[in-house]
Amino acid sequence: MPARSTPVLLVEDTPSLARVYAEFLKKDCTSVTTVETGAAALEQLADGVPRIVLLDLQLPDMHGMDVLKRISAQALPCAVIIITAHGSVGVAVEAMRYGAYDFLVKPFSAERLTVTVRNAMERLRLAQLVDSFEKDLGRSRYHGFLGSSLAMQAVYRIIDSAASSRATVFITGESGTGKEVCAEAIHRQSPRADRPFIAINCGAIPKDLMESEIFGHMKGSFTGAVADREGAAARANGGTLFLDEICELAPDLQTKLLRFIQTGTFTPVGGSRLEKVDLRIICATNRDPLREVEEGRFREDLYYRLHVIPIHLPPLREREDDVLEICRQFLTDYAREEGKGFVRFSPAAEQALRTYHWPGNVRQVQNVVRNIVVLHDGDTVTPAMLPAPLGAPAGTAAPPAVNGGNGHGSAHGSGHGGGHANAQGSAAQAPSPKTVKPLWEVERDAIEEAIAACDGNIPRAAALLEISASTIYRKRLAWQAEGKL
């Protein structure tokens, strides 16, 4: 359907024709501005860009093509329809080259003009729609999020839609997917962005202190309450209260939270006066909240009070190549922070990052990239620099046997596994007490032989020994300090 408020600029130097064309367009366009010269047309365009420009080529002061070229050079968001009595294929081609939408040769009927204008308007509408989708679907950053996958674009759109509301948001997702980042994004996108954002991890605070953390307490209300203390609900007044790991709340506190959500009021621990606040609640969990309800650990009525706008954060393994975007950004950030020279991952390293399943999600990516940057240097991250299990080659889940100096044994663990394995080998050979080595020597020999077998690559040796690279670095530094290496 044509837009009833479509503004049209008609550039026609014959007044009688201008009146006829304006009459043709009256049903579809509420605003038709008519000018007779190219100069007047440029003035109108400078004052405000119309949606449609009907442009005669033969003007008294300049050629209409010059006006079209000016519109093209300035990339003005309008559709230009050329109207002329002197049409030719060459002129039409040139007009199209400069962005004209269509070319009408005089005389033309009212239907031909109105259909052309309607089609031009539809084209503009579709172009705006495409631009809008490209803007939304092309976002690789959104507040604290990184990632341009379709799964994350859907999350961004939900946040865009939900942010302006007061409705409670319930975020679910595996550990490390960025639930607090999501809560902060909602807050920062909302009208409450300039007010406090208060986050509480319900699983990290002892249950007997949780009520005080949320609602505050009065002096003397319990042992250690030496002064009045404002709770998170009061501190978040006007802003957003984020309750992470909401399913960890004790049943009695779930009841009080339900009452708080229903009334917007609460009483501090040990207090007698109701306090009222205006805030938005966002909660999150890495559990299945419906299962928690079904198994009686979470109140059903509280669940439905909180589960108004659900947002599920996809795990990293379902986010296409987002892992590479995230790894590259972390590499840049950590290399700058640590004063290292890394600027890229090799293709083989990127393939390893892409195919790994990332059970710890983005938090695990942070740890892996930090490990690489701290323990290595260069301009390119290679597969040999990747820590276990990314860097462990296929078929090396069990460490190889290494020579401990008095028989053969396997080194496992982070301090005693090597000695235990060596003791088994020694027992098989029934060694005498004189041939038994101290445990630290067995461990040192096992580690050094693993490093030598990996051509000095400590992270690879650590993967084979099934210990962390930091354990090897720590032990070698200690042995060096004691003169044992």
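In this predicted model, a search of the whole structure identifies 12 aromatic pairs. One of them joins Y21 and F108, whose rings are stacked. Y21 belongs to helix α1 (residues 15–25), while F108 sits in the loop between β5 (102–105) and α5 (110–137), so this pair ties together parts that are 87 residues apart in sequence. Both Y21 and F108 are buried. Ring pairs also link Y21 and F108 with F24 in a cluster.

A second pair is formed by F145 and Y156; the angle between their planes is 40° and their centres are 6.1 Å apart, so the pair is tilted. F145 is part of strand β7 (residues 145–146) and Y156 of helix α6 (residues 150–163), so the parts tied together here are 11 residues apart in sequence. F145 and Y156 are both buried.

| Aromatic pair | Centre to centre | Angle between planes |
|---|---|---|
| Y21 and F108 | 5.0 Å | 25° |
| F145 and Y156 | 6.1 Å | 40° |

A ring also takes part in a contact of another kind: the charged end of R370 sits over the ring of Y334, 4.1 Å from the ring centre.

The report now turns to the sheet. Five strands form an open sheet with parallel pairing, in the order β2-β1-β3-β4-β5. At its edges stand β2 (31–35) and β5, each with a single partner strand, so one side of each has no neighbour in the sheet. From one strand to the next, the twist averages 20°. Strands β3 (residues 52–56) and β4 (residues 79–84) run parallel and are joined by five bridges; L54 has I81 in β4 as its bridge partner.

Helix α3 (residues 64–73) packs on this sheet, where it touches β3 and β4, and its direction makes about 150° with that of β3. Helix α1 lies across β1 (7–11), β2, β3 and β4, and runs at about 160° to β1.

Note on methods: Residues are numbered from 1 along each chain as its sequence is written. This is a predicted model: local features need pLDDT of at least 70, side-chain atom pairs count only at pLDDT 80 or more; totals for chains, interfaces and linings use all residues. Side-chain values use heavy atoms; hydrogens and water are left out. Rings of Phe, Tyr and Trp (its six-membered ring) pair if their centres lie within 6.5 Å; planes under 30 degrees apart count as stacked, over 60 as edge-to-face and the rest as tilted. Helices (H or I, at least four residues) and strands (E, at least two) are DSSP runs, numbered from the N terminus. Buried means under 20% relative accessible area, exposed over 50%, partly exposed in between (1.4 Å probe, protein chains only). A charge sits over a ring if NZ of Lys or CZ of Arg is within 6 Å of the ring centre and within 35 degrees of the ring normal. Two strands pair if DSSP finds at least two bridges between them. Axes are lines fitted to C-alpha atoms, for helices over the stretch in contact, and angles run from 0 to 180 degrees between N-to-C directions. Contact means heavy atoms within 4.5 Å.
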